[in-house]
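Student: Could we go through this protein chain together, step by step, with the structure open beside us?

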Amino acid sequence: MSLNSNTPYLELQDLHKRFGAFQALQDIQLSIQRGEFVCFLGPSGCGKTTLLRIIAGLEVQSGGRLIQDGRDISSAPPAGRDYGIVFQSYALFPNLTIADNVAYGLKGQTRAWRRARVEELLDLVGLSGTGAKYPAQMSGGQQQRVALARALATAPGLLLLDEPLSALDAIVRVHLRNEIRALQKKLGVTTIMVTHDQEEALSVADRIVVMNAGRIEQVGTPMQIYRQPASAFVADFVGKVNKLAAVAEDGHWVRCGDKRWLCPPANGTGFRPGAPLALYLRPEDRIFENLADDHPGLCQGRVEHVEFLGSNCLARVAIEGMADQPVDLQFSLNQMDEFGVAAGRHLRFALRTDRLRVFAAAGAA
């Protein structure tokens, strides 16, 4: 079917999934454009893998429709859908050579064509000359590259990645995720990756779908998800953040201990005066230079503890007038020296109150 460029490549319409009395997915509405790299991000048990398996036809939804490239695939079996899939466990055939593993899904073609296609794919994933080896002779990262080559062998319109990097060590994981992203851009294949790793999702995705308890909490670019979380769950789950208890006052003002800040709510609606609130602020959202005495976020405090994180450090600061609610502030190693940040030192700084995100406190009416 010929579709215009504004038509989504994949549409999930009101998807639901129940396992007995357990509601695994509910009210899933999502559109994915051709060539996008989308990450399903969320904690264990949130429904992200179940959703991926429904897209693949490995699970059957309890309700709703799936439209791929203009075709309703809601009832189509896995073999009747246009995708390649890579699993966390590689899922290679140990008794087949690397070449035979990659060629496994290539049917109805001549031997010479299959051989050329396998060589092309192995070269694409950086494994030229390994076709005669067996999976046991390859490292974990190499085996996952083989699995990726196999998933791409039939030139699918959709690539599904089910936590493909979680079994690898940290250094290999970073290298391979960058390679996957570069390969996806080169091929232009629409890609969905399931992950619970925030850094992974933020670094590779065009858009992130944050999931929680079977629902979509927010869909947005990595910058939107990080800077403009749409719910307290997203603010808590994605990245490091300070969470402060506060109370609503008139006119979008909030009070946190003795501090009072003007903070429009994240969802655009106000809170009744006296309502308990939760404020979220990233550790990097602070100012140390050129501070006027009337700066709205001006603070003073004592450094209680410094956590060394390599190129960056987190300093826990007890702020005067903040009712025993310390905050973590982020510094580079050079800034630690420049601003004299060390345990026991007193600091004068300002919080970026324009970056505060405000939500109703958990359990508040």
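What follows is a set of questions and answers about this predicted model.

Student: What percentage of the residues in the chain are buried?
Tutor: A residue counts as buried when its relative accessible area is under 20%. The chain exposes about 17,500 Å², and carbon and sulfur atoms supply 49% of that area. Of the 365 residues in the chain, the buried ones make up 45%.

Student: Why is helix α1 described as largely enclosed by the rest of the structure?
Tutor: Helix α1 covers residues 48–56, and we can go through it residue by residue. The buried ones are Lys48, Thr50, Leu51, Leu52, Ile54, Ile55 and Ala56.

Student: Which residue just after α1 takes a positive phi?
Tutor: We now step past the end of α1 and look at the backbone there. The phi angle just after the helix is about 80°, and the residue that takes this positive value is glycine 57.

Student: Is asparagine 95 buried or exposed?
Tutor: Asparagine 95 has its place in the loop between β6 and α2, the latter being residues 98–102. Its C-alpha atom is separated by 38 Å from that of methionine 211, which is 116 residues away along the chain. A residue counts as exposed when its relative accessibility is over 50%. Asparagine 95 has 58% relative accessibility, so it is exposed.

Student: Which residue in β10 stands opposite asparagine 212?
Tutor: Strand β9, residues 207–212, and strand β10, residues 215–220, pair in the antiparallel sense over 5 bridges. The two strands form a hairpin with 2 residues between them, and alanine 213 in the turn has a positive phi of about 55°. Opposite asparagine 212, on the β10 side, stands arginine 215.

Student: Which strands are the edge strands of the open sheet made of 5 strands?
Tutor: The order of this open sheet is β15-β19-β16-β17-β18, and the pairing is antiparallel. Inside it, β16 (residues 298–308) and β19 (residues 346–351) pair over 5 bridges, with glutamine 300 opposite arginine 348. An edge strand here pairs on one side only, which holds for β15 (286–287) and β18 (327–332).

Student: Which element gives the most residues to the lining of the largest pocket?
Tutor: The largest pocket holds about 400 Å³ of space, and of the 18 residues that line it, Tyr83, Gly84, Ile85, Arg150 and Ala151 lie nearest its centre. By class, its lining has 12 nonpolar, 3 polar and 3 charged residues. Both β6 (84–86) and α4 supply at least two residues, and the element that gives the most, with 3 residues, is α4.

Student: Which helix gives the most to the lining of the second largest pocket?
Tutor: About 210 Å³ of space lies in the second largest pocket. Its lining has 3 nonpolar, 3 polar and 3 charged residues, including Gln198, Glu199, Leu202 and Tyr226. The greatest contribution, 3 residues, comes from the helix at residues 198–204, which is α6.

Student: How many charged residues are in the lining of the largest cavity?
Tutor: The largest cavity has a volume of about 30 Å³, and among the residues that line it are Leu148, Leu152, Ile180 and Gln184. Two elements give two or more residues to this lining, namely α4 (140–152) and α5 (170–187), and the largest share, 4 residues, comes from α5. Sorted by class, the lining has 7 nonpolar and 2 polar residues, while the number of charged ones is none: no charged residues.

Methods
Residues numbered from 1 in each chain as written. Predicted model: local features only at pLDDT ≥ 70, side-chain atom pairs only at ≥ 80, totals over all residues. Heavy atoms only, no water. 1 Å grid on protein atoms, 1.4 Å probe; cavity = no way out; pocket = protein on both sides within 12 Å on 5 of 7 lines; lining within 4 Å. Points joined across faces, edges and corners; volume = space filled by probe spheres on them. Nonpolar A, V, L, I, M, F, W, Y, C, P; charged D, E, K, R; others polar. Pairing = 2+ DSSP bridges. Buried < 20%, exposed > 50% of the residue type's maximum accessible area, 1.4 Å probe, protein only. Areas by Shrake-Rupley, 256 points an atom, 1.4 Å probe, with all protein chains shown as cover.
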